[in-house]
Amino acid sequence: MHLIVTRTRCDEYCYHPTFYVFIQGYAFIDDLPWKSCQTASIVTAEASTQTRKHADAEVQTEAPEPVRVQPVSRHDSPRLAAFLQRVEAMVIRELNKNWQSHAFDGFEVNWTEQQQTVTCLHTLSYPPAQGQGMHVTSVSWNTTGSVVACAYGRLDDGDWSTLKSFVCAWNLDRRGLSPRQPSAVVEVPSAVMCLAFHPTQPSHIAGGLYSGEVLVWDMSRPEDPLLWRTGLTDDTHRDPVSQVVWLPEPRHSHRFRVLSVATDGKVLLWQGAGAGQLRLTEGFALVVQQLPRNTKLKKPHRGETEVGATAVAFSSFDPSLFVLGTEGGFPLKCSLAAEEAALTRMPSSVSLRAPAQFTFSPHGGPIYSVSCSPFHRNLFLSAGTDGHIHLYSMLQAQPLTSLQLSHKYLFAVRWSPVRPLVFAAASGEGDVQLFDLHKSSQKPTVSVKQTQDESPVYCLEFNRQQTQLLAAGDAKGTVKVWQLSTEFTEQGPRETEDLDQLAAEVAT
């Protein structure tokens, strides 16, 4: 028979181990010592998964308690008390000096990153106008500061009265701006000599033509942009229009008229009327015989009595006061309130008046541009064909200073709208020059090259809304938009006071 022996330990429920031997179903108690053997290694495997749980909760923390400052000890050190007594008088003396100092008057902390260079942001052009060899004769920013417009015409010799021309506008804020494709184009039957955007209507713009007409367009209506025109009547200028300006009506500041000046010697005020017409409301005429006596002019030839007006600028402090630049090279101080009748036989539907009140010392040639200071009631600039810029005071004939910026013509000068001592000039040598009287009274601070072949720069305008932008147009038919460095857009301490001092020196 087969003997099957099984030995096991029963101690799961017992305090003392007891061994049993099982032989064919019978159990015998075994008190023999415990024997063991090693079984094969147990193989184990582990598997796990990562679960992701998150929950958001918001709680309101209590208001922070103020930091408690430890009270100062009531018992100061004798050495500290002695030190404070020794330095008390000196500290008070220095604090009084700082209190009376003006070193930081007008200083404002600027945390923005400063722009260190003058860069060209855009070069704009209209190829059909360039193909005809046309010049950019005028530029203007609209009231929002986002749209720049230019006029195409000619400033050199020749009869351009029948040459088809253009007014072009670019919206610089529009996504996908195309420098060679304007946002709006208006075809004009005569060369456009000057432009001016409306002060409050962003899409309305006035222009003066070579033919003597004055027109107003709505650039938002590409199919039919013409709003008003003067037409060719006895009231219309007989010579090319030099400049147009929008002026508020005296009794209705929200309504505007268009003022135009031309080399025929007339200064005219136009009001929009029905049927698309500009109606003449007031007029002035410059006549040699009625100029102030301090004017040194050659005796006019027979029949030549009118004085050609080439530029105009209005005072920011007196709405009736304006300065005219003339073909004779002398600026004229004029007034819209003048009542004396002009001694002229020029036909007109309204009585023409003589506006000239004072004559300033002349340039060596015709004046192309004048600009009144927006920061001082008595200061203005003029630029002419002699390559000089004159800084005048309204209170005396002689200029404060005369700066020769070019060996050729200077076609435009504009005072900065944000820096009292800064102005810009357009040169016949192809430069845009930025001048800071705080740094130098004799030479430009920065001169940037607008045209590489020294073609003239004919016009420029500061952007009054985005004051870091300056637009300039040239004889190559291009408009360049320059971004000015922060030194030309941030007013320095006491800058207005320095301008006042400069004006006071003129008056003495």
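Here is a chat about why some residues in this predicted model get the labels they do.

Reader: What makes K97 and E94 a salt bridge?

Author: The N to O distance between their side chains is 3.7 Å. The cut-off is within 4 Å for a Lys or Arg nitrogen and an Asp or Glu carboxyl oxygen, so the pair qualifies. Both residues sit in helix 1 (residues 78-100), three residues apart, about one turn of the helix.

Reader: And why is E94 called partly exposed?

Author: Its relative accessibility is 37%. Buried means under 20% and exposed means over 50%, so a value in between counts as partly exposed.

Reader: How many salt bridges does the structure hold?

Author: There are 12. One of the pairs is R229 with E213, where the closest N and O atoms are 2.9 Å apart. R229 belongs to strand 12 (residues 226-229) and E213 to the loop between strand 10 (204-209) and strand 11 (214-218), so this pair ties together parts 16 residues apart in sequence.

Reader: Are R229 and E213 buried or partly exposed?

Author: One of each. R229 has a relative accessible area of 27%, so it is partly exposed. E213 has 6% relative accessibility, and because buried means under 20%, E213 counts as buried.

Reader: Which residues are linked in a network of salt bridges?

Author: R257, E282 and R353 are. In general, side chains of opposite charge can pair when their charged atoms come close.

Reader: Which residues touch the most other members of the largest nonpolar core?

Author: They are L259, V312, F314, L324, L332 and L336, out of 21 residues in that core. Several strands supply at least two core residues each, among them strand 13 (241-248), strand 14 (256-262) and strand 17 (309-314). Strand 17 gives the largest share, three residues.

Reader: What is F314 in contact with, leaving aside its neighbours within four places in sequence?

Author: The list is V245, L247, L259, P319, L321, F322, L336 and C372.

Reader: Why is H198 called buried?

Author: H198 has a relative accessible area of 9%, and the cut-off is under 20%, so the word applies. H198 lies in the loop between strand 9 (192-197) and strand 10. Not counting residues up to four places away in sequence, H198 touches T143, H204, W246 and F256. Its side chain also reaches the backbone nitrogen of T200 at 3.0 Å.

Reader: What is the phi of E454 near?

Author: It is near 65°, a positive value in a residue other than glycine. E454 is in the loop between strand 29 and strand 30 (457-462). R494 also has a positive phi, about 65°, although it is not a glycine.

Note on methods. Residues are numbered from 1 along each chain as its sequence is written. This is a predicted model: local features need pLDDT of at least 70, side-chain atom pairs count only at pLDDT 80 or more; totals for chains, interfaces and linings use all residues. Side-chain values use heavy atoms; hydrogens and water are left out. Helices (H or I, at least four residues) and strands (E, at least two) are DSSP runs, numbered from the N terminus. Buried means under 20% relative accessible area, exposed over 50%, partly exposed in between (1.4 Å probe, protein chains only). A nonpolar core is a set of buried Ala, Val, Leu, Ile, Met, Phe, Trp, Tyr and Cys residues joined through side-chain atoms within 4.5 Å. Contact means heavy atoms within 4.5 Å. A polar contact is a pair of N or O atoms within 3.5 Å; within protein, one must be able to donate a hydrogen and the other to accept it, and residues adjacent in sequence count only if both atoms are side-chain atoms.
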